[in-house]
Amino acid sequence: MNKALRLMQNADAEISAKIRESIGDIDENATPLKQAGYINRALDFAGENNICMRETLRKCGVCCISNNAVKTAKKLYAKSGNTAEFLEKLNGADIGGKNLRLEGDKIIAVYKKCYCNIPKKTENMNPTYCECSAGWYEKLFSEVFERAVNVKIINTILNGADECSFEITEFE
């Protein structure tokens with residue numbers, strides 16, 4: 001699906017209307033390049049107008065994770081003796097960026113590169129876009145642990161860091 005359209009569909013109707021009024025609509029057949037530009041303009045507009053897009057982007061991230069990835073993760077969890085072993089199995093299955101580890105009561109998730117093609121299509125992508133990845137992790141771990149987890153963005157490549165890092169808590 002067109003990610004720019006998904007962003008608008010996941011936004012509150014009032015927010016979506018304000019953004020569309022300011023920057024226009026996006027064609028459902030828009031190229032990834034045009035989608036990236038549209039998303040970036042939408043996020044810039046939202047930021048300039050104190051419109052929070054965090055939950056909207058997290059809903060988009062939920063849409064990005066495949067059912068197969070969740071299904072595989074659930075199977076790996078069922079075969080694991082503890083959370084650390086489960087994270088090792090996820091890393092081996094290449095689910096979650098291959099850099100998941102347990103630090104005390106927190107799961108630390110690291111992306112060494114940006115996996116989404118949208119930020120790669122435009123310069124200076126708004127860092128708020130990374131809330132999409134936080135939503136992806138929320139969906140993955142909430143489904144596996146059968147409870148709502150908390151995902152906090154520590155830092156991201158779009159913020160100028162060398163890697164993206166997330167902290168997942170409240171999973172136990």
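This is a predicted model: local features need pLDDT of at least 70, side-chain atom pairs count only at pLDDT 80 or more; totals for chains, interfaces and linings use all residues.

Colleague: How many aromatic pairs does the structure hold?
Modeller: There are 11 aromatic pairs. Rings of Phe, Tyr and Trp (its six-membered ring) pair if their centres lie within 6.5 Å; planes under 30 degrees apart are stacked, over 60 edge-to-face, and the rest tilted.

Colleague: What kind of pair do Tyr 111 and Phe 166 make?
Modeller: Their ring centres are 5.8 Å apart and the planes are at 70°, so the pair is edge-to-face. This pair links distant parts of the chain, with Tyr 111 in strand 2 and Phe 166 in strand 4, 55 residues apart. Helices (H or I, at least four residues) and strands (E, at least two) are DSSP runs, numbered from the N terminus.

Colleague: Are Tyr 111 and Phe 166 buried or exposed?
Modeller: Both Tyr 111 and Phe 166 are buried. Buried means under 20% relative accessible area, exposed over 50%, and partly exposed in between, with a 1.4 Å probe and protein chains only.

Colleague: OK, new topic. In what order do the strands sit in the sheet?
Modeller: It's an open sheet of 4 strands in the order 1-2-4-3, with antiparallel pairing. Two strands pair if DSSP finds at least two bridges between them.

Colleague: Which strands stand at the edges?
Modeller: Strand 1 (100-103) and strand 3 (150-155) do; each has a single partner strand, so one side of each is left without a neighbour in the sheet. From one strand to the next, the twist averages 25°.

Colleague: And how many bridges join the strands?
Modeller: Strand 1 and strand 2 pair over 4 bridges, with Leu 102 standing opposite Ile 107. Strand 2 (residues 106-111) pairs with strand 4 (residues 164-169) over 5 bridges; there, Ala 109 has Phe 166 as its bridge partner, and Val 110 has Ser 165. Strand 3 is joined to strand 4 by 5 bridges, and Val 151 stands opposite Ile 168.

Colleague: What about the hairpin of strand 1 and strand 2?
Modeller: It has 2 residues between the strands, and Gly 104 takes a positive phi near 65°.

Colleague: How many residues of strand 4 are buried?
Modeller: 6 of its 6 residues are buried. Cys 164, Phe 166 and Ile 168 point one way from strand 4, while Ser 165, Glu 167 and Thr 169 point the other way. In a regular strand the side chains alternate between the two faces of the sheet.

Colleague: Which helices lie across the strands?
Modeller: Helix 6 (residues 83-92) lies across strand 1 and strand 2, at about 165° to strand 1. Helix 8 (residues 131-145) lies across strand 1, strand 2, strand 3 and strand 4, at about 135° to strand 2. Axes are lines fitted to C-alpha atoms, for helices over the stretch in contact (heavy atoms within 4.5 Å), and angles run from 0 to 180 degrees between N-to-C directions.

Colleague: Which residues touch the most other members of the largest nonpolar core?
Modeller: Of its 26 residues, those are Phe 86, Leu 90, Tyr 137, Phe 141, Phe 166 and Ile 168. The largest share of this core, 7 residues, comes from helix 8. A nonpolar core is a set of buried Ala, Val, Leu, Ile, Met, Phe, Trp, Tyr and Cys residues joined through side-chain atoms within 4.5 Å.

Colleague: Last one: how many disulfides are there?
Modeller: The structure holds 0 disulfides, a disulfide being a pair of cysteine sulfur atoms within 2.5 Å. For Cys 60, the nearest cysteine sulfur is that of Cys 132, 5.9 Å away. Cys 114 is in no disulfide either, and the nearest cysteine sulfur to it, that of Cys 116, is 5.8 Å away.

Methods
Residues are numbered from 1 along each chain as its sequence is written. Side-chain values use heavy atoms; hydrogens and water are left out.
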